[in-house]
Amino acid sequence: MKKNSGSPHDRNKFQNFYSCLYKYSHKKLLKLFQSKVLHFMFRKFIEEGPLEELLTDDSTLQRNPDVYRKASQNFLDLFREHNAYDSSSA
């Protein structure tokens, strides 16, 4: 999150906005991946697809590949936790 040097009231508004946006995006993402086709594709991409290739080929991703690996794993865990992702389905 970007630092906000405004008043405490402005910082609070920004934090509320940021929290709302963050939570909303995760809710939408979870809803999207309730589709068996989409979560199958995501799982294939993360577990068997070009993720590692992207991490080694893309100059931006090369800077912090572990961050992207962890984020991918966090998404898989989040989907499993909310039953939006079933690792046994194919």
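Which residues of α5 are buried? The close-ups below take up this question in a predicted model.

**View 1. The buried side of helix α5.** Ser-72, Leu-76, Leu-78 and Phe-79 are the buried residues of α5. They lie on the same side of the helix, because the arc they cover around the axis is only 160 degrees.

**View 2. Helix α5 from end to end.** This helix runs over residues 65-81, 17 residues in total.

**View 3. A close look at Ser-72.** Ser-72 is found in helix α5. Its relative accessibility is 10%, which is why Ser-72 counts as buried. Setting aside neighbours within four places in sequence, Ser-72 is in contact with Phe-42, Ile-46 and Leu-51.

**View 4. The largest nonpolar core.** Here 10 residues come together: Leu-30, Phe-33, Phe-42, Ile-46, Leu-51, Leu-55, Leu-61, Leu-76, Leu-78 and Phe-79. Helices α2 (36-47), α3 (51-57) and α5 each give two or more residues to this core, and α5 provides the largest share, three residues. In soluble globular proteins, nonpolar side chains tend to be buried together.

**View 5. Confidence along the chain.** The protein chain has a mean pLDDT of 76, with 76% of its residues at 70 or more. Among its elements, helix α4 (residues 59-62) has the highest mean pLDDT, 89, while helix α1 (residues 8-32) has the lowest, 74.

Notes
Residues are numbered from 1 along each chain as its sequence is written. This is a predicted model: local features need pLDDT of at least 70, side-chain atom pairs count only at pLDDT 80 or more; totals for chains, interfaces and linings use all residues. Side-chain values use heavy atoms; hydrogens and water are left out. Helices (H or I, at least four residues) and strands (E, at least two) are DSSP runs, numbered from the N terminus. The expected span of a helix is 1.5 Å times one less than its number of residues. Buried means under 20% relative accessible area, exposed over 50%, partly exposed in between (1.4 Å probe, protein chains only). The arc is that of the directions from the helix axis to the C-beta atoms. pLDDT is the predictor's confidence in each residue, from 0 to 100. A nonpolar core is a set of buried Ala, Val, Leu, Ile, Met, Phe, Trp, Tyr and Cys residues joined through side-chain atoms within 4.5 Å. Contact means heavy atoms within 4.5 Å.
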